[in-house]
Amino acid sequence: MYGHRLKDRNGHCIVCHPKYITYQKRETNGGILYIAKYDKYCKVGIIESKRTSVEALIKHREYQLNSEDGYGGYVGWKIPKYWIVDKNIGKVERGAHNLLNDYKVDSYYWHSAELTTTTELFKCSLKKAEEAVLVSLEANK
């Protein structure tokens with residue numbers, strides 16, 4: 001019975017896998033929840049509030065979404081809707097993703113020179129994505 005004793009809530013060893021600390025912080029911390037829109041696609045995501053200006057954060061995220069051939073292989077993403085969330089931003093994001101699961105699209109994009117699978121891409125209207133976010137915000141107050 002030897003080994004590391006530092007575990008997260010789910011029993012994962014945070015010595016062997018420090019990424020679980022980040023996951024836990026993302027679940028419970030606050031930040032900016034946004035909906036990005038391109039053509040018939042939406043992306044629901046979060047931005048950790050590290051900079052002081054919300055406008056600068058949104059502008060930088062739009063830049064990131066459109067770099068390296070764009071998120072999901074699409075360039076032209078804009079962020080028309082966002083919410084400042086005080087706590088549980090990861091839970092709110094995951095709740096919205098679950099509500100939009102029927103609209104999920106599998107695609108690929110380049111991130112740091114690696115081909116990556118999309119996890120937050122939905123083929124739905126902005127209104128449908130916004131409804132999912134609002135329901136999730138209400139459920140995770």
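The legends below describe close-up views of a predicted model. Residues are numbered from 1 along each chain as its sequence is written, and side-chain values use heavy atoms, with hydrogens and water left out. Local features need pLDDT of at least 70 and side-chain atom pairs count only at pLDDT 80 or more, while totals for chains, interfaces and linings use all residues.

**View 1. Overview of the protein chain.** The protein chain holds four helices and six strands, in the sequence pattern α-β-β-α-β-α-β-β-β-α. Helices (H or I, at least four residues) and strands (E, at least two) are DSSP runs, numbered from the N terminus. Of the 141 residues, 35% are buried; buried means under 20% relative accessible area, exposed over 50%, and partly exposed in between (1.4 Å probe, protein chains only). The chain exposes about 9,000 Å², and carbon and sulfur atoms supply 50% of this area. Accessible areas come from the Shrake-Rupley method with a 1.4 Å probe; for residues, only the protein chains shown count as cover. Among contacts with a separation of 6 or more, 62% are between residues 24 or more positions apart, a contact being heavy atoms within 4.5 Å.

**View 2. The four-stranded sheet.** Four strands form an open sheet in the order β3-β1-β2-β6, with antiparallel pairing. Strands β3 (78–85) and β6 stand at the edges with a single partner strand each, so one side of each has no neighbour in the sheet. Two strands pair if DSSP finds at least two bridges between them. Six bridges join β1 to β3, and Leu33 has Trp83 in β3 as its bridge partner.

**View 3. The β1–β2 hairpin.** Strand β1 (residues 31–38) pairs with β2 in the antiparallel sense over seven bridges. The two strands form a hairpin with two residues between them. Tyr38 stands opposite Tyr41 in β2. In the turn, Asp39 has a positive phi of about 50°.

**View 4. Both faces of strand β2.** Strand β2 (residues 41–47) is mostly covered, with seven of its seven residues buried. Tyr41, Lys43, Gly45 and Ile47 are buried on one side. Cys42, Val44 and Ile46 are buried on the other.

**View 5. The salt bridge between Lys43 and Glu120.** A search of the whole structure finds four salt bridges, each defined as a side-chain nitrogen of Lys or Arg within 4 Å of a carboxyl oxygen of Asp or Glu. The side chains of Lys43 and Glu120 form one of them, at 2.3 Å from N to O. Lys43 lies in strand β2 and Glu120 in the loop between β5 (114–117) and β6, so the pair ties together parts that are 77 residues apart in sequence. Lys43 is buried, at 2% relative accessible area. Glu120 also counts as buried, at 15% relative accessibility.

View 6. Glu130 forms a salt bridge with Lys81, with the closest N and O atoms 3.4 Å apart. This pair links distant parts of the chain, with Glu130 in helix α4 (residues 126–139) and Lys81 in strand β3, 49 residues apart. Lys81 is partly exposed, with a relative accessible area of 29%. The side chains of Lys127 and Glu131 meet in another salt bridge (3.7 Å, N to O). Both residues lie in helix α4, four residues apart, about one turn of the helix. Lys127 is exposed at 58% relative accessible area, whereas Glu131 is partly exposed at 37%.

**View 7. The buried side of helix α3.** In helix α3 (residues 89–99), the buried residues are Ile89, Gly90, Val92, Glu93, Ala96 and His97. They cover an arc of only 165° around the axis, which puts them on the same side of α3. The arc is that of the directions from the helix axis to the C-beta atoms.

**View 8. A nonpolar surface patch.** Tyr108, Trp110 and Leu115 form a nonpolar patch on the surface, with about 350 Å² of accessible area together. Patches are made of residues with over 30% relative accessible area and no salt bridge; like charges are joined within 9 Å and nonpolar side chains (Val, Leu, Ile, Met, Phe, Trp, Tyr) within 5 Å. Trp110 lies in strand β4 (residues 108–111). At 40% relative accessibility, Trp110 is partly exposed.
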